[in-house]
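Have a look and see how they sit with you.

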Amino acid sequence: MSGVVAVGLIGVAAVVWVVRVREAEARRVRAVFGEVAGVAAGPAWRSAGEGWWTWVRGRPEWGCAVAGAVIGFAGASPLPLVLGVCAVPAAARARRGRAALRMRERRGDAVIRLCEVLAGEVRAGRQPGAGLAVAVRESDALSGAGSASVMAAARFGGDVPGALRAAAGEPGAEGLQGLAACWHVAVDRGAGLAAGLERLADALRAERDQRADLRAQLAGPWSTAVMLAGLPALGLLLGSALGARPLRVLLHTGAGVGCLVVGGALEAAGLWWALRIVRRAEA
């Protein structure tokens, strides 16, 4: 059985090595064709080390596979390694969800900043179109085609509310709908536009603070659920420290494998239910 675990570890190492070789080849091709012009190429070993660390830091979900390999080696069974590899997609999805949430929050803060900067520019006497162009550059609330369309509409007298509504479709940029409404009703009156933008910024800020407060209140129950979910692992560690060899029972006996499957299913169901409650409360 230990030979099977060793073969599994060798397979994982081979896959990681192939990925690293392909990435190194791609970097060399980009360097040859000048896509990384101006960046000094350091020693090969330093570049490889930095690339490896970047790859590992950008994909922490592979820690599930590493943990499964360690547990499988300790328990002389390939089952933990298989389960760890199977958990990688779910962990990657959770990581992408957290990254999307952070991006949404940053974009929401940028929209508030855009409203504040635009209100200040209008109060200072700048024309709304020119002020919007300055606010878009300083706040970085828009990206890509949305920023280009809004800037073009502001500079050349286009449909600014329409461009803002189109850009409001990005996650976190929903506040641009309010900016479009303010622009539509008060673009010809600078003072009125500035006052409306200030009220809009206050409303968006209050909504952001309310979400943050709710998230802080829900952090306690969620932390409790995660802690309770980790108690079985603590029990396994204590059993191993006492010499009871719980991994051998769980991985090499029929009753142990059955308990492992049922317990894992219950753990997953409990975490899913707790996460569903938290998301419904946030919604």
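**Salt bridges**

1. I get eleven salt bridges in the structure, counting a side-chain nitrogen of Lys or Arg within 4 Å of a carboxyl oxygen of Asp or Glu. Bear in mind that this is a predicted model: local features need pLDDT of at least 70, side-chain atom pairs count only at pLDDT 80 or more, and totals for chains, interfaces and linings use all residues. Residues are numbered from 1 along each chain as its sequence is written, and side-chain values use heavy atoms, with hydrogens and water left out.

2. Arg-215 pairs with Glu-105, with 3.1 Å between the closest N and O atoms. This one links distant parts of the chain, 110 residues apart: Arg-215 sits in helix α9 (residues 190-241) and Glu-105 in helix α4 (residues 79-123). Helices here are DSSP runs (H or I, at least four residues), numbered from the N terminus. Arg-215 is partly exposed at 31% relative accessibility, and so is Glu-105 at 34%; the class runs between buried (under 20% relative accessible area) and exposed (over 50%), using a 1.4 Å probe and protein chains only.

3. Glu-170 and Arg-107 come to 3.2 Å at their closest N and O atoms. Glu-170 is in the loop between α7 (160-167) and α8 (176-186) and Arg-107 is in helix α4, so the bridge ties together parts 63 residues apart in sequence. Both residues are buried.

4. Arg-205 bridges to Asp-202, the closest N and O atoms being 2.9 Å apart. Both lie in helix α9, three residues apart, about one turn of the helix. Arg-205 is partly exposed at 23% relative accessibility, as is Asp-202 at 45%.

Conventions. Helices (H or I, at least four residues) and strands (E, at least two) are DSSP runs, numbered from the N terminus.
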